[in-house]
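Me: I am new to this structure and would like to learn how to read it. Could we go through it one feature at a time?

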Amino acid sequence: QVQLVESGGGLVQPGGSLRLSCTASGNMFSIYVMGWYRQAPGKQRDLVATITTGGSTNYADSVKGRFTISRDNAKNTVNLQMNDLKPEDTAVYYCKLATVAMNYWGKGTLVTISS
């Protein structure tokens, strides 16, 4: 089993910044992509950003230019730097890890943007 532990969530004002981190541990095999998804109250869970082991990134249109995803393959860690946060960014953010065989999810960390 693979365990994903997220950190960095919290309450910030509009225009502020947060950095989320996710570290994977356990019996992992051939990691392909890690990423972040989010789910706002009453909404579906949507992709925020992903990054492959080769460094290729993909972002939701709503966060392009504001969020940056990065990873440290040796540490099995993926980070999400979130700048210029907006109220609509408020959501539970989930870390995802995908291997050739399986997908794994973290328990989520709450990000609240409010004045």
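**Reading the chain step by step**

Reply: We can start with one residue. Thr99 is found in strand S9. Keep in mind that this is a predicted model.

Me: Is Thr99 buried or exposed?

Reply: A residue counts as buried under 20% relative accessible area. Thr99 has 12%, so Thr99 is buried.

Me: Which residues does Thr99 contact, leaving aside its neighbours within four places in sequence?

Reply: With those neighbours set aside, Thr99 is in contact with Phe29, Ser30, Ile31, Tyr32 and Tyr104.

Me: What elements does the chain have, from the N terminus on?

Reply: The order is β-β-β-β-β-β-β-β-β-β-β. In total there are 11 strands and 0 helices.

Me: How do I read the overall dimensions of the chain?

Reply: One way is a box along the principal axes: the C-alpha atoms fill roughly 40 × 25 × 25 Å. Another is the radius of gyration. A compact globule of 115 residues would have a value near 13 Å, and the chain has 13 Å, so the two agree.

Me: What share of the residues is buried?

Reply: Buried residues account for 41% of the 115 in the chain. As for the surface, the accessible area is about 6200 Å², and 48% of that belongs to carbon and sulfur atoms.

Me: Which residues touch the most other members of the largest nonpolar core?

Reply: The general idea comes first. In soluble globular proteins, nonpolar side chains tend to be buried together. Here the largest nonpolar core has 28 residues, and Trp36, Leu80, Met82 and Tyr93 touch the most other members. Several strands supply at least two residues each to this core, among them S1 (2–7), S3 (18–26), S4 (31–39) and S5 (45–52). Strands S7 (67–72), S8 (77–82), S9 (91–99) and S11 (109–113) also each supply at least two.

Me: Where is Ala49, and what does Ala49 touch?

Reply: Ala49 lies in strand S5. Its relative accessibility is 0%, so Ala49 counts as buried. Not counting residues up to four places away in sequence, Ala49 touches Gly35, Trp36, Asn58, Tyr59, Ile69 and Leu80.

Me: What share of the contacts joins residues at least 24 apart?

Reply: Among contacts between residues at least 6 apart in sequence, the share is 52%.

Me: Which residues have a positive phi?

Reply: Most residues other than glycine have a negative phi. Asn76 has a positive value, near 55 degrees, and sits in the loop between S7 and S8. Asp84 also has a positive value, near 50 degrees, and its place is the loop between S8 and S9. With a relative accessible area of 43%, Asp84 is partly exposed.

Me: How far apart are the mean positions of the positive and negative charges?

Reply: The chain has 11 positive and 7 negative charges, and their mean positions are 4 Å apart.

Note on methods. Residues numbered from 1 in each chain as written. Predicted model: local features only at pLDDT ≥ 70, side-chain atom pairs only at ≥ 80, totals over all residues. Heavy atoms only, no water. Core = buried A, V, L, I, M, F, W, Y, C linked by side-chain atoms within 4.5 Å. Buried < 20%, exposed > 50% of the residue type's maximum accessible area, 1.4 Å probe, protein only. Helix = DSSP H or I, 4+ residues; strand = E, 2+ residues; numbered from the N terminus. Rg over C-alpha atoms; globule rule 2.2 N^0.38 Å. Contact = heavy atoms within 4.5 Å. Areas by Shrake-Rupley, 256 points an atom, 1.4 Å probe, with all protein chains shown as cover. Lys, Arg positive; Asp, Glu negative; His and termini not counted. Charge placed at Lys NZ, Arg CZ, Asp CG, Glu CD.
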